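User: I have a model open and want to go through its side chains. Can you take my questions as they come?

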Amino acid sequence: MSDALKFTFEAFKQIQTEYKAEAGKDLSLDDIRSMVNVTGHSLGGSLAEMTAKFFGLSGANIDGPGVQAPVQQSEYG
């Protein structure tokens with residue numbers, strides 16, 4: 001899970017860096033969230049779903065184990 005979160009965070013940083021280089025201004029986290037969707041299949045689907053919930057993204061878990069129970073735990077939020 002930590003690798004999936006790190007990957008997503010690094011993707012956010014890259015999007016912000018490239019946008020600043022092209023447009024000359026910074027993007028907010030909310031701006032970046034609107035540009036990113038995550039999806040995955042099987043184990044990747046559960047990681048995508050958990051990452052989406054963690055960062056407030058839209059996405060899909062395709063035929064993977066559900067993560068509803070883990071993300072309802074107080075330790076997650």
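User: Is F55 buried or exposed?

Analyst: This is a predicted model. F55 has 12% relative accessibility, so it counts as buried, the limit being under 20%.

User: And what about F54, where does that fall?

Analyst: F54 counts as partly exposed, at 44% relative accessibility.

User: How many aromatic pairs are there in the whole structure?

Analyst: A search of the whole structure gives two. In one, the ring centres of F12 and F55 are 5.2 Å apart and the planes are at 70°, so this pair is edge-to-face. F12 sits in helix α1 (residues 2-23) and F55 in helix α3 (residues 43-55), so the pair ties together parts 43 residues apart in sequence. Both F12 and F55 are buried.

User: What is the geometry for F54 and F55?

Analyst: Their ring centres are 5.1 Å apart with the planes at 80°, so F54 and F55 are also an edge-to-face pair. Through ring pairs, F12, F54 and F55 are linked into a cluster.

User: Switching to the core. Which residues make up the largest nonpolar one?

Analyst: There are 10 residues in all: L5, F12, L27, I32, V36, V38, A48, A52, F55 and L57.

User: Which helix gives the most to this core?

Analyst: α3 does, with three residues. α1 and α3 each supply at least two.

User: Last one: what does L27 touch?

Analyst: Leaving out residues up to four places away in sequence, L27 touches I15, Q16, Y19, I32 and M35. L27 and I32 are both listed in the largest nonpolar core.

Key
Residues are numbered from 1 along each chain as its sequence is written. Side-chain values use heavy atoms; hydrogens and water are left out. Rings of Phe, Tyr and Trp (its six-membered ring) pair if their centres lie within 6.5 Å; planes under 30 degrees apart count as stacked, over 60 as edge-to-face and the rest as tilted. Helices (H or I, at least four residues) and strands (E, at least two) are DSSP runs, numbered from the N terminus. Buried means under 20% relative accessible area, exposed over 50%, partly exposed in between (1.4 Å probe, protein chains only). A nonpolar core is a set of buried Ala, Val, Leu, Ile, Met, Phe, Trp, Tyr and Cys residues joined through side-chain atoms within 4.5 Å. Contact means heavy atoms within 4.5 Å.
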